[in-house]
Amino acid sequence: MDLAFTLIRLALGLAIAAHGAQKLFGWFGGYGIAGTGGWLESIGFRPGTLFALAAGLGEFGGGVLTILGLGGAVGPAIIVMVMLVAILTVHIGNGFFATNNGWEMPFMYVVSAAAVAYAGNGAYALDSMFGLSVVNTPMQVSIALGAAVVLALLNLMARRPAPKTAA
């Protein structure tokens, strides 16, 4: 079981951290802070640079914490938060399947992150190596995931349409 938890944790963390690296550093074909910020402004997240930094740090940081198995459910909760915003702003209107930019893939990230959060990081994790017990009881995990949902919704409420330009 510990090996299974480790494989899932690594796959989830690596995939999400790579998305964050696209936003933060322009790696893996990404657009970096400036390009991502411009796109985020176009969908109502202003200032775009700030939201690009937040999204990139959320994905990269949540992914790295998950890879390392550090901080209990904190990394997975951050992943849930960022992916809920992605689902509700970018993917929900495109149907389910990823082939149409639908919500299939980010939904799988949310479910996987929640499962990792509740299952724990396993024996092959820094939490276990250092004897850390952080955000790992079912109640603590539920609170962390609930906070992730609330923060995602607050993020969505911060969106505002682009100002109208004079003709």
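The following paragraphs describe the largest pocket and helix H2 of a predicted model. In this predicted model, local features need pLDDT of at least 70 and side-chain atom pairs count only at pLDDT 80 or more, while totals for chains, interfaces and linings use all residues. Residues are numbered from 1 along each chain as its sequence is written, and side-chain values use heavy atoms, with hydrogens and water left out.

Two or more lining residues come from each of the helices H1 (2–25), H2 (32–42), H3 (48–68), H4 (74–91), H5 (104–119) and H7 (138–157), helices being DSSP runs of H or I with at least four residues, numbered from the N terminus. H4 gives the most, with eight residues.

Within H2, the residues Gly32, Thr36, Gly37 and Leu40 are buried (under 20% relative accessible area, 1.4 Å probe, protein chains only). Seen down the axis of H2, these buried residues fall within an arc of 140 degrees, so they line one face of the helix, the arc being that of the directions from the helix axis to the C-beta atoms. The buried residues of H2 pack against H1 and H3 (contact: heavy atoms within 4.5 Å), whereas the face turned away from the buried side carries Ala34 and Ser42, both exposed (over 50%). H2 is followed by Gly44, whose phi is positive, near 100 degrees.

Key: On a 1 Å grid over the protein atoms alone, a cavity is a set of points where a 1.4 Å probe fits but cannot get out, and a pocket is an open set with protein on both sides within 12 Å along at least five of seven lines; lining residues have an atom within 4 Å of a point. Grid points are joined across faces, edges and corners, and a volume is the space filled by probe spheres set on the points.
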